[in-house]
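Dear colleague,

Please find below the structure I promised to pass on to you. My notes on it follow directly after.

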Amino acid sequence: MSESGEMSEFGYIMELLAKGKVTIKNIERELICPACKELFTHPLILPCQHSICHKCVKELLLTLDDSFNDMGSDNSNQSSPRLRLPSPSMDKIDRINRPASQRRSVGWRGWKRNSLTPRTTIFPCPGCEHDVDLGERGINGLFRNFTLETIVERYRQAARAATAIMCDLCKPPPQESTKSCMDCSASYCNECFKIYHPWGTVKAQHEYVGPTTNFRPKILMCPEHETERINMYCELCRRPVCHLCKLGGNHSNHRVTTMSSAYKTLKEKLSKDIDYLIGKESQVKSQISELNLLMKETECNGERAKEEAITHFEKLFEILEERKSSVLKAIDSSKKLRLDKFQTQMEEYQGLLENNGLVGYAQEVLKETDQSCFVQTAKQLHLRIQKATESLKSFRPAAQTSFEDYVVNTSKQTEILGELSFFSSGIDVPEINEEQSKVYNNALINWHHPEKDKADSYVLEYRKINRDDEMLSWNEVEVCGTSKIIQDLENSSAYAFRVRAYKGSICSPCSRELILHTPPAPVFSFLFDEKCGYNNEHLLLNLKRDRVESRAGYNLLLAAERIQVGYYTSLDYIIGDTGITKGKHFWAFRVEPYSYLVKVGVASSDKLQEWLRSPRDAVSPRYEQDSGHDSGSEDACFDSSQPFTLVTIGMKKFFIPKSPTSNDPENRVLPMPTCIGIFLDYDKGKVSFYDMDHMKCLYERQVDCSHTLYPAFALMGSGGIQLEEPITAKYLEYQENM
């Protein structure tokens with residue numbers, strides 16, 4: 001049928017089934033090919049015992065072959081196609097049907113290219129979604145599933161009972177056939193059957209059945225030895241074989257049995273299984289009825305639980321409304337009292353304005369020249385003016401304008417409401433382990449639970465914390481173990497994490513929230529370079545090239561004479577194996593607490609050539625600009641951009657280089673962070689040093705980015721540097737498997 005709206009064969013059969021015209025019922029899904037989603041056509045049995053249409057096997061293999069030619073061998077892990085594919089051309093089908101010995105040795109997905117071993121074809125089974133080995137013969141080594149083919153044909157006949165199968169040999173118009181000959185692979189009406197199968201001839205002995213279009217071979221032949229019939233059954237491989245397979249083939253050392261014995265054994269097992277299922281039909285029906293009752297009960301209980309939850313929340317709303325009304329009344333009463341006091345005080349000061357006449361009167365009294373008369377009048381006047389003056393000197397508002405005493409503190413209640421959850425029925429609250437939880441390119445969250453064995457699963461919640469304190473919704477991830485890696489987090493952001501335990505339908509309250517800050521830029525992955533300037537006499541590099549240690553002691557003793565005359569041993573440099581020419585990057589590492597002197601930062605390629613080509617065995621650390629010592633060179637280059645930036649770490653301290661804003665030695669010495677991060681913005685020419693535990697910037701400055709920049713490290717005396725291992729999903733899979 002065409003694809004322009006016409007019904008497919010399976011859809012047509014399903015329509016007939018719905019109308020009650022099909023006698024074979026309830027087996028539809030067993031007759032559908034997992035690749036094309038249609039009724040099987042010439043199905044083949046794969047080694048995994050799933051069946052697939054012969055045509056679909058070819059289409060899938062050709063699709064994989066074309067994808068290999070177009071995209072290379074790197075695409076060999078892509079998922080198997082699940083859609084129906086266009087019909088392949090004849091030349092491609094011929095290429096698939098060729099024996100393995102005639103196929104090309106390269107460019108084919110699944111070929112093992114070792115010439116000492118037989119080449120095999122790996123095929124993605126669409127039924128179980130696993131790769132299966134088709135062997136050296138490929139498709140030619142697969143059996144046709146004649147039993148399934150016969151059942152599909154019965155299904156088609158039952159669905160097309162209204163459409164008769166016509167005689168193949170009648171002259172037009174053909175008559176309806178009454179029987180089909182399996183030897184001739186043709187259908188006949190009564191008259192034609194008598195003509196072509198007369199009595200007394202060899203054809204009269206042919207096997208004939210009712211009208212059908214499915215003509216399968218009478219004898220099952222071996223796909224390995226095409227001229228041999230199947231007569232034995234390999235118990236190890238669980239497949240039919242011929243006697244040549246047993247004598248010198250792939251099954252020579254396998255245990256085989258006769259076909260009749262295998263037929264009897266498998267038929268008895270299958271019959272017993274079917275009888276068991278039929279005998280349990282009443283039990284299944286009762287269980288279905290019980291499930292229906294449970295569904296109804298669950299629905300009723302769910303509605304009841306919703307009503308109870310609404311009742312509890314309404315009680316909380318009533319309490320909040322009551323407290324709200326009480327607080328508002330208290331604020332209104334206090335406001336009225338304060339306004340009254342201010343009004344009274346304002347009226348008192350309004351009376352002071354009326355004393356303007358008193359001032360004028362006093363000025364006139366001052367004009368009196370008779371002393372006795374002046375004294376007689378001025379005494380009382382002086383008392384009145386003095387009283388007015390004192391009130392002006394001691395002005396105080398009668399009340400406070402602030403309502404700080406009436407601010408409602410809801411922080412505790414907010415925290416309690418945030419933890420509001422269902423009754424835990426004794427499930428303890430899991431606790432996030434802050435020491436084992438960290439964030440780098442992804443966030444690794446670890447937690448422990450006192451009743452780990454009693455919890456079925458956990459739900460990890462996380463959300464981003466905005467600077468404007470906007471409450472974003474929680475993201476939830478279901479976890480079976482006690483750790484989880486969260487990917488795709490935004491850079492330079494803070495995230496809150498919490499976890500709760502589940503046992504059945506009951507969950508525990510959420511754990512205390514853990515706040516983690518992501519790095520300011522994508523993670524830059526690199527390893528130590530053991531080729532460029534690496535001094536293997538002084539430095540020890542592990543096999544993974546992510547840890548370097550300084551071999552102190554012996555070399556220091558050799559330099560003892562120079563130390564006595566005021567010289568120092570040299571810094572041993574080591575750099576990353578990858579350079580940076582653009583963008584923003586972030587990496588982290590740990591400095592061992594016992595380290596004497598370590599310098600970390602970035603350096604340009606031209607500066608590295610100077611350092612590594614001209615090693616100084618006896619040079620003062622004051623030579624280095626950012627060594628952390630009070631050298632004059634540091635003071636002279638505050639505003640200049642250097643081709644390197646290094647900070648000094650040692651003796652459990654972090655030394656910040658001198659700058660115009662931090663000349664105080666006490667402000668330049670910080671405790672050494674557990675983990676140190678470096679952020680390089682190549683485009684802006686800026687490098688920053690971070691405390692990874694709090695994602696806090698400790699120091700930043702400009703750096704010359706005209707050349708390629710490399711992560712640079714230097715050690716003097718005993719010390720060690722461990723690169724921080726990026727958090728990967730592979731680590732998570734390992735943890736969950738354990």
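Strand β1 (residues 43-45) pairs with β2 in the antiparallel sense, over three bridges. Within this pairing, Leu 44 has Ile 52 of β2 as its bridge partner. Please note that the model is a predicted one. The two strands belong to an open sheet of three strands, ordered β2-β1-β5, with antiparallel pairing. β2 (51-53) and β5 (143-144) are the edge strands; each has a single partner strand, so one side of each lacks a neighbour in the sheet.

Next, the nonpolar interior. As a general point, nonpolar side chains in soluble globular proteins tend to be buried together. The largest nonpolar core in this model has 44 residues. Phe 586, Trp 587, Phe 589, Val 600, Phe 713 and Ile 721 are the residues with the most contacts inside this core. Strand β24 (residues 584-591) supplies the largest share of the core, namely five residues. Another core lies apart from this one; it has 24 residues, including Cys 33, Ile 52, Cys 53 and Leu 142.

Phe 713 deserves a separate entry. Leaving aside neighbours within four places in sequence, the contacts of Phe 713 include Phe 526, Phe 528, Trp 587, Phe 589, Val 600, Ile 721 and Leu 723. Asp 572, Tyr 573, Ile 574 and Lys 599 are also in contact with Phe 713.

Leu 539 is found in strand β21 (residues 539-541). Is this residue, Leu 539, buried or exposed? Its relative accessibility is 1%, so Leu 539 counts as buried, the cut-off for that class being under 20%. Not counting residues up to four places away in sequence, Leu 539 touches Tyr 534, Val 548, Glu 549, Ser 550, Arg 551, Asp 572, Tyr 573, Ile 574 and Leu 715. Leu 539 and Gly 720 are 181 residues apart in sequence, while their C-alpha atoms are 9.4 Å apart in space.

Finally, the surface. Phe 313, Leu 316, Phe 317, Ile 319, Leu 320 and Leu 417 make a nonpolar surface patch of about 570 Å². Helix α8 (residues 281-353) gives the most to this patch, with five residues. Phe 317 lies in helix α8 and has a relative accessible area of 48%, so this residue is classed as partly exposed.

With kind regards

Technical notes: Residues numbered from 1 in each chain as written. Predicted model: local features only at pLDDT ≥ 70, side-chain atom pairs only at ≥ 80, totals over all residues. Heavy atoms only, no water. Patch = residues over 30% accessible without salt bridge, like charges linked within 9 Å, V, L, I, M, F, W, Y side chains within 5 Å. Areas by Shrake-Rupley, 256 points an atom, 1.4 Å probe, with all protein chains shown as cover. Salt bridge = Lys/Arg side-chain N within 4 Å of Asp/Glu carboxyl O. Helix = DSSP H or I, 4+ residues; strand = E, 2+ residues; numbered from the N terminus. Buried < 20%, exposed > 50% of the residue type's maximum accessible area, 1.4 Å probe, protein only. Core = buried A, V, L, I, M, F, W, Y, C linked by side-chain atoms within 4.5 Å. Contact = heavy atoms within 4.5 Å. Pairing = 2+ DSSP bridges.
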